[in-house]
Amino acid sequence: MTALTKYQRLEAAGLWRADTQAQRRDVIVSLGDATLTITDTHETALTHWSLPAILRLNPSERPARYAPGDDATEELEIDDDTMIRAIEKVRRVVERRRPHPGRLRHWITAGLFCLLLMLGVFWMPGALRSYTVSVVPDPTRDAIGQRILDRIGRVAGQHCDGHEGLEALDRLQSRVLNSADTRVIVLSGGVQTATHLPGRITLLNRALIEDYEEPDVVAGFLLAEDLRRQNTDPMNALLEHAGLKATAQLLTTGDLPDSVIDSYAEDLLTAPPAPLDQSALLARFEQAGVRSTPYAYALDLTGETTLDLIEADPVPLAEATPLLTDANWVRLQGICGE
């Protein structure tokens, strides 16, 4: 059997020379089991070539020219299509079976590149954002929050600053949040209900104060925004909006481009509030001693979508204490006085 199982033995005429200086001779080429045998016209063997070592000197050209190895001086020309196809088939089989040490290295390199690419696309942005959020100092947060507030002010108008109303707002904040760290600002427009910014800034729409008969509604929105702030650092939402480049800039320079601040401020005015776990929210109402029912009806006049907040109100109306005196509530309602 030959190296090609479809042939018992294959022979063809060819031209052979021992080296570049020798005359070419007519020969008979025989394809055997592991060798290519070259004989003269008198059937005298001139040479044997190992099939795995044969090289094609002129790919895709005719007649085909072969050599028995890299450094060989011999050369063989064949014009027979059947013999050429047979030799080429043997060479392809040998090439497939030959070890390719560089190929494994290429596959490993490609795999590592893909891994790095996946890390860059899926892992790095989140990891860089989380790290940046964890190291941004409070003064930088305060400055960024103020820049966002200034941008919102240019779009929605300046915040309400009636003196007596601000004093009443401070009283309500101290009563509900039990903290002086949060800066509560009432806007005459812009935000739909309430939102919060980096630097512990909470924004309220004036309608939460002016359109209701009791301070429990605005108190509920203060509690809800404070819970959202605890659940997710507002710097994280800002950097998720800003993207990888701006996040890296904040980490290295401590600053964000004006375009990022402007874009985030505009989106913040229309973005829906993040959903809250009802059990956690009710716990905050109970801790603050604030009724959840007025807040629930402010979210949904029918109460259908906020039924849990109504039915599980932790402070019954009969046991509730006023959050503000009537006089202070009136002052608070006049915080945006014209």
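Between which two strands is the loop that holds Glu43? Glu43 lies in the loop between strand 3 (35–39) and strand 4, where helices (H or I, at least four residues) and strands (E, at least two) are DSSP runs, numbered from the N terminus. The structure is a predicted model, in which local features need pLDDT of at least 70 and side-chain atom pairs count only at pLDDT 80 or more, while totals for chains, interfaces and linings use all residues. Residues are numbered from 1 along each chain as its sequence is written, and side-chain values use heavy atoms, with hydrogens and water left out.

Glu43 has a phi near 65°, a positive value in a residue other than glycine. The residue is exposed, with a relative accessible area of 71%; buried means under 20% relative accessible area, exposed over 50%, and partly exposed in between (1.4 Å probe, protein chains only).

Two strands count as paired if DSSP finds at least two bridges between them. Within this sheet, strand 1 (residues 10–17) and strand 7 (residues 75–78) run antiparallel and are joined by four bridges. Gly14 has Ile78 of strand 7 as its bridge partner. In the loop between strand 5 and strand 6 (64–67) lies Pro63, and the peptide bond from Arg62 to Pro63 is cis, with omega near -5°.

Strand 10 (residues 201–205) is mostly covered, five of its five residues being buried. In a regular strand the side chains alternate between the two faces of the sheet. In strand 10, Ile201, Leu203 and Asn205 point one way and Thr202 and Leu204 the other way, and all are buried. Strand 8 (residues 183–187) runs parallel to strand 10 and is joined to it by five bridges, with Ile185 opposite Leu203. Strand 9 (residues 194–197) pairs with strand 10 in the antiparallel sense over four bridges, and Thr195 also stands opposite Leu203.

The hairpin of strand 9 and strand 10 has three residues between the strands, and Gly199 takes a positive phi near 85° there. Arg200, found in the loop between strand 9 and strand 10, has a positive phi of about 55° although it is not a glycine. Arg200 is partly exposed, with a relative accessible area of 33%.

Among the helices, helix 7 (residues 234–242) and helix 9 (residues 258–270) pack at an angle of about 110°, with their axes 10 Å apart. Axes are lines fitted to C-alpha atoms, for helices over the stretch in contact, and angles run from 0 to 180 degrees between N-to-C directions. Helix 7 and helix 9 are therefore roughly perpendicular to each other (angles under 35 degrees count as roughly parallel, over 145 as roughly antiparallel, 65 to 115 as roughly perpendicular and the rest as oblique). The contact (heavy atoms within 4.5 Å) is made by Pro234, Ala237, Leu238, His241 and Ala242 of helix 7 and by Val260, Ser263, Tyr264 and Asp267 of helix 9.

Thr306 lies in the loop between helix 11 (293–299) and helix 12 (307–311). This residue is buried, with a relative accessible area of 7%. Leaving aside neighbours within four places in sequence, Thr306 is in contact with Ala296, Leu299 and Asp300.
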